[in-house]
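Biologist: Could you take a close look at a single part of this model and describe it in one connected account? Please begin with the wider stretch of chain and end with the part itself.

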Amino acid sequence: MRYTRLGKTNERVPLIGFGTWRLGGGWWSEDRSQDERAIEAIVLAVKKGCWLIDTAEAYGGGHTEELVGSALRRLRSEGDYEVFVATKVAPEHLHYDDVIRSCEASLKRLGLKQVDLYQVHWPNERIDIAETMSAFERLIEEGKTRYIGVSNFSAKQVEEAQSSLRKYELVSDQVSYSFFDRKPEAELLPYCRKNNLTLIAYSPLGRGVVNSSSDKRLTKIDELAAKYNKTRAQILLNWLVSRGGVVAIPKAADPKHIEENAVAADFEMAEEEYTLISRL
Ligand SMILES: NC(=O)c1ccc[n+]([C@@H]2O[C@H](COP(=O)([O-])OP(=O)(O)OC[C@H]3O[C@@H](n4cnc5c(N)ncnc54)[C@H](OP(=O)(O)O)[C@@H]3O)[C@@H](O)[C@H]2O)c1
């Protein structure tokens with residue numbers, strides 16, 4: 001696994017983490033039918049080196065965080081594994097007291113005293129970001145989170161959030177970014193690189209679109225996959241995280257996918273091949 005620094009901090013995080021959306025249910029709705037499979041997936045991801053685990057209070061209506069908590073307990077009982085836990089407060093909970101309550105409830109479900117990264121899941125224009133950020137500062141001071149991040153924020157919204165923070169700096173913005181969704185390249189990614197913020201790429205495999213057979217551009221990706229003896233997903237994840245400032249958090253329930261993703265950053269293609277993929 002290759003690593004990068006989180007934001008301007010000295011914190012080392014893996015270039016490929018692990019996403020937990022749809023493990024344990026959907027948006028505010030839980031599904032307990034695949035719990036053991038989900039826990040095993042999280043445990044395997046950490047053991048294979050994808051130890052940045054991303055979750056959210058809204059995933060499975062909190063049940064996904066409980067599954068992460070179960071996986072963390074299992075990992076602790078099996079050895080000394082490094083884990084970086086990132087969770088998020090939902091956009092309807094961005095008033096000061098709601099942020100505090102949400103974070104405390106997440107910690108309880110995760111079985112932790114502190115998360116590593118607490119993120120605003122989506123901006124909410126009806127709630128002043130300064131009020132939200134002030135609650136986040138209190139969470140740092142109380143030791144309930146180590147770092148503050150946002151998600152689905154534009155460069156302008158990141159700037160607003162940052163300017164309302166008195167003592168701390170944002171470390172990350174988590175947005176959709178993949179070969180299939182290049183929007184962040186126009187403004188957000190250059191902004192993050194300039195200001196030393198980590199861009200956490202969600203849906204880095206286009207929510208499974210990577211498996212599609214109708215996208216003609218994937219023929220070229222398959223040629224590179226054959227040349228390097230890798231899979232299509234590995235080529236696309238490698239491209240995503242190899243050009244600086246980006247960490248990817250693919251979700252995978254299938255152990256084969258987890259193992260593939262865990263080594264996706266561990267090879268280098270020729271410079272002109274990264275450019276070629278960017279131009280496709
Ligand atoms: N902040 C936000 O608003 C937001 C929004 C969306 C997502 N996220 C975060 O980002 C994470 C990832 O995004 P996502 O779940 O939307 O999509 P994704 O990671 O792009 O795609 C997940 C899909 O790709 C498949 N897959 C994984 N590895 C593969 C491989 N090596 N080869 C082929 N297929 C593979 C998975 O199948 P299997 O499950 O069968 O293995 C699953 O169907 C989420 O879990 C969540 O933590 C955040």
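Modeller: Helices here are DSSP runs of H or I with at least four residues, and strands are runs of E with at least two, numbered from the N terminus. The model is predicted. UniProt, in an unreviewed entry, lists residues 16-278 as "domain: NADP-dependent oxidoreductase".

The part to look at closely is a helix pair. Two packed helices are described by the angle between their axes and the distance between the axes. Helix H3 (residues 96-110) packs against helix H4 (residues 129-141) at about 40°, and their axes are 8 Å apart. H3 is therefore oblique to H4. Their crossing is right-handed. On the H3 side, the contact is made by Tyr96, Val99, Ile100 and Cys103; H4 contributes Glu131, Thr132, Ser134, Ala135, Phe136, Arg138 and Leu139. The residues of this contact between H3 and H4 divide into 7 nonpolar, 2 polar and 2 charged.

Notes: Residues numbered from 1 in each chain as written. Predicted model: local features only at pLDDT ≥ 70, side-chain atom pairs only at ≥ 80, totals over all residues. Axes fitted to C-alpha atoms, helices over the stretch in contact; angles between N-to-C directions. Parallel < 35°, antiparallel > 145°, perpendicular 65-115°, else oblique. Left-handed = near helix turned anticlockwise from the far one by under 90°. Contact = placed C-beta atoms within 7 Å. Nonpolar A, V, L, I, M, F, W, Y, C, P; charged D, E, K, R; others polar. UniProt positions renumbered as here; feature names shortened; annotations may be inferred.
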